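Subject: Structure handover

Hello,

Here is the structure for you to look over. My notes on it follow below.

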Amino acid sequence: MWKRSKVTDQTAAGQTVDASEGVQPDDKGIKKKSKVPGVMITQFVEELPEGMSTPDFTRKPIALTIQQGKCAVFKAIVVGTPTPTVTWGRANGEIHFHPDVCMQKYDEISREHTIEFPKVAPEDADTYKCFATNEYGRAVCTVALNVIQVGFSKTKELQKTQVEDTKDVRKNLKKRKDDGTREEKQMEPEEKVWEILLSAEKKDYERICAEYGIKDFRHMLKKLTEMKKEREEEIAEFVTHISTLKHIEVNDDDCATIELDMDLKDPSSKLFLYKNGVMVPFTTEESESMKHNLKQVGKKYVFTIKNLGSEDAGLYSVDVGGINVFSTDFKVPEVDFAVKIQEVKAEERQDALFQCVLTAPTNELKWLGKSTPLSNSEKFEITVSEDKLIHKLIVRDCMPLDAGIYAAVAGIKSCNAWLVVEADKDSASKGKKPTRKTTMAGGGNDEDLMAIAKEQQEIYQKKMDEKMEVAKKAQAEREAAEAISKVEGEAAKKAAAEEKAAAKAAAKAKAAAKAKAKKAAAAEDAAAGKKRAAAGGAGASVGAGGEGAAGAGGADAVGGGGEDGTAAGAGGGAGEAKGSGGDLDGEEYDSFEDSDEEIDGEGGGKGAGDGGAGDGGVGDGEGVEGEGEKGGKRKKRVRKGPLVPDTVIGKNYTAIHAEGRQTLASKTWPLFS
């Protein structure tokens with residue numbers, strides 16, 4: 001999938017460029033043609049001085065279509081007298097110069113100006129412009145960068161999570177009560193860093209990311225762009241125009257100020273001041289009792305913090321109608337003046353020197369002359385020693401107008417002194433400009449200052465060593481605590497695992513015991529069933545009291561045993577053995593009704609008696625002599641064939657014994673009666 005630049009117009013209309021880059025989009029001048037196609041030249045003056053020329057390109061960048069994650073480089077070579085300054089821009093958004101995102105380079109040997117993207121991303125796809133500018137004109141050319149997106153990249157996979165993270169951060173930053181005020185709680189570090197970035201300048205992004213541990217610079221830029229767009233839409237509901245956002249500054253009168261210019265849609269909109277997310281009360285009138293004050297002059301709003309102390313450090317935020325419009329981080333370094341600046345009396349056209357010594361190294365000292373910030377120029381020279389402890393301000397060629405109060409500000413500490421300029425009293429030079437003097441007024445013995453600075457350096461180093469020892473001790477304690485916590489965690493984890501294993505083993509043993517008990521109970525039930533079957537099925541072969549064993553003979557013939565029946569079946573109660581006319585000596589019997597009634601001559605179980613086989617008696621009928629048999633094991637009855645006989649003639653049928661093959665006498669069966 002390709003991601004092409006959105007702007008196809010080769011002039012890249014809509015580009016906005018800072019005037020600080022030396023590019024002025026609204027400059028009107030003479031349009032000129034370049035020998036290189038696609039280059040536009042604007043001449044700022046009507047006639048060029050001899051030997052001077054407008055900028056031009058001898059080599060312009062070439063359009064690129066490149067795979068995501070690869071390195072993309074644009075190169076250009078420019079000419080012009082004086083030497084042009086080369087800057088880069090893009091049609092949509094801004095270029096953020098960072099080693100992980102984009103770098104601008106210049107090769108003095110090849111005279112190539114390059115812009116390099118170490119790992120190009122889809123959001124880098126755009127139309128880029130290269131500007132070459134000097135005091136006589138400007139040359140510009142455009143070039144397109146197209147990016148081929150590759151599969152499901154890591155960026156794509158994380159995109160959903162990143163969007164959700166952005167929404168969560170914005171949601172936390174916008175938490176408000178019904179009256180538009182914030183919730184009364186300290187800001188979390190993540191909320192704080194994003195609020196700082198929303199109001200920070202581009203040049204400070206890298207420092208802020210390093211300070212707060214943000215490593216993915218590209219992701220930060222993407223996230224920040226989304227948040228800025230949303231905040232601009234929210235601010236537009238309350239503010240028509242906002243500008244001149246000055247971050248907190250410390251003045252020489254022990255005060256700090258926050259300035260911004262706003263044009264409110266509703267002048268009655270409420271303004272709120274917060275420090276680290278907690279509302280700070282302030283007054284709109286001059287009051288010595290209130291620490292915070294708001295002063296409004298037209299569209300300018302100035303917040304003042306008085307009587308500064310280390311406790312005043314923090315993130316200050318200005319909200320309008322429940323919407324954050326500006327935030328600034330106020331840091332209070334631990335620094336003071338070991339030697340303050342002293343009053344200097346200088347003669348007219350003489351140089352004046354102010355110098356001081358700090359208690360801690362500081363890169364820059366803020367110098368003020370008559371409440372106006374000073375910087376290096378032909379009039380003022382600001383220097384700092386190698387150890388960054390001795391700071392000096394030189395006022396060149398003092399004139400009576402230069403007289404006044406000069407101040408030095410370090411952190412929240414300040415000191416000031418007068419500069420007195422004495423007019424030249426030489427009568428001979430009246431009406432003439434005095435001669436420039438080469439002497440220096442003010443200052444002191446440099447050796448004394450160096451000795452004081454050395455002493456302060458030792459004190460500072462000792463404090464740093466002590467802090468380092470404290471930090472190391474705290475780090476060792478944290479590591480020990482983490483080690484103990486880790487050991488305890490592992491022990492707890494091991495104990496939990498052992499407990500879980502023991503519980504699992506107990507449950508397994510319980511289940512096994514339950515299964516074993518169930519099996520034993522089933523075995524007992526089976527044994528009891530067999531016992532009951534054996535007890536119920538065992539019958540006597542010969543009835544006691546004179547009834548003999550089953551006799552074979554006539555139908556309904558009852559065997560008449562001897563006076564004393566001798567064949568008693570052991571193992572159960574006495575069972576009657578009635579002759580049924582057949583010789584049933586323990587064989588299987590099948591009935592049509594599958595009845596459980598006892599059949600004459602059939603034993604129910606084991607018939608082994610104490611007295612052996614019973615003596616059979618003679619039947620009373622015409623039956624043959626019956627033989628007494630001992631009770632045998634009752635066999636399982638198996639039905640063969642259907643319940644209704646195969647042959648039925650009327651209501652009479654012949655029943656065939658399954659095993660004995662004997663024909664039963666014809667009998668009328670009431671099947672349908």
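Strand β12 pairs with strand β13 (residues 255-264) in the antiparallel sense, over 7 bridges. Here strands (E, at least two residues) and helices (H or I, at least four) are DSSP runs, numbered from the N terminus. Two strands count as paired if DSSP finds at least two bridges between them. Within this pair, S243 stands opposite D261 in β13.

Before the rest, the ground rules. This is a predicted model, in which local features need pLDDT of at least 70 and side-chain atom pairs count only at pLDDT 80 or more, while totals for chains, interfaces and linings use all residues. Residues are numbered from 1 along each chain as its sequence is written, and side-chain values use heavy atoms, with hydrogens and water left out.

**The β12 sheet**

β12 and β13 belong to an open sheet of 4 strands, in the order β12-β13-β17-β16, with antiparallel pairing. The edges are β12 (239-250) and β16 (292-297). Each has a single partner strand, so one side of each is left without a neighbour in the sheet. On average, neighbouring strands of this sheet are turned by 15 degrees against each other, direction ignored. Axes are lines fitted to C-alpha atoms, for helices over the stretch in contact; angles run from 0 to 180 degrees between N-to-C directions.

K246 and T328 are 82 residues apart in sequence, yet 8.6 Å apart in space, C-alpha to C-alpha. T328 sits in strand β19 (residues 323-330). T328 is buried, at 2% relative accessible area. Buried means under 20%, exposed means over 50%, and partly exposed is in between (1.4 Å probe, protein chains only).

**Strands β4, β6 and β9**

Strand β4 (residues 53-59) runs antiparallel to strand β6 (residues 72-81), and 4 bridges join them. F57 stands opposite V78 in β6. β6 also pairs with β9, again in the antiparallel sense, over 5 bridges. There K75 stands opposite T114 in β9.

P82 is in the loop between β6 and β7 (85-90).

**Aromatic pairs**

Rings of Phe, Tyr and Trp (its six-membered ring) pair if their centres lie within 6.5 Å; planes under 30 degrees apart count as stacked, over 60 as edge-to-face and the rest as tilted. By this rule there are 5 aromatic pairs. One of them is F117 with Y128, edge-to-face, at 5.4 Å centre to centre and 65 degrees between the planes. F117 lies in strand β9 (residues 112-117) and Y128 in strand β10 (residues 126-134), so the pair ties together parts that are 11 residues apart in sequence. F117 is buried at 2% relative accessibility. Y128 is buried too, at 0%.

Another is F354 with Y406, which is stacked: 5.4 Å centre to centre, 25 degrees between the planes. F354 is in strand β22 (residues 351-358) and Y406 in strand β27 (residues 404-410), so this pair ties together parts that are 52 residues apart in sequence. Both residues, F354 and Y406, are buried.

Ring pairs also build a cluster, made of F74, F117 and Y128.

**Helices**

Helix α3 (residues 205-212) packs against helix α4 (residues 217-235) at an angle of about 110 degrees, with the axes 12 Å apart. α3 and α4 are therefore roughly perpendicular to each other. The classes are: under 35 degrees roughly parallel, over 145 roughly antiparallel, 65 to 115 roughly perpendicular, the rest oblique.

UniProt, in an unreviewed entry, lists residues 457-493 as "coiled-coil region". UniProt positions are given in the numbering used here, feature names are shortened, and annotations may be inferred rather than shown by experiment. In the model, residues 457-493 are 100% helix and 0% strand. The end C-alpha atoms of that stretch are 52 Å apart.

**Positive phi**

Two residues to check by eye. S371 is not a glycine, but has a positive phi of about 70 degrees. S371 lies in the loop between β23 (366-369) and β24 (372-373), and is exposed at 58% relative accessibility. D397 is not a glycine either, and has a positive phi of about 50 degrees. D397 lies in the loop between β26 (390-395) and β27. At 18% relative accessibility, D397 counts as buried.

Best wishes
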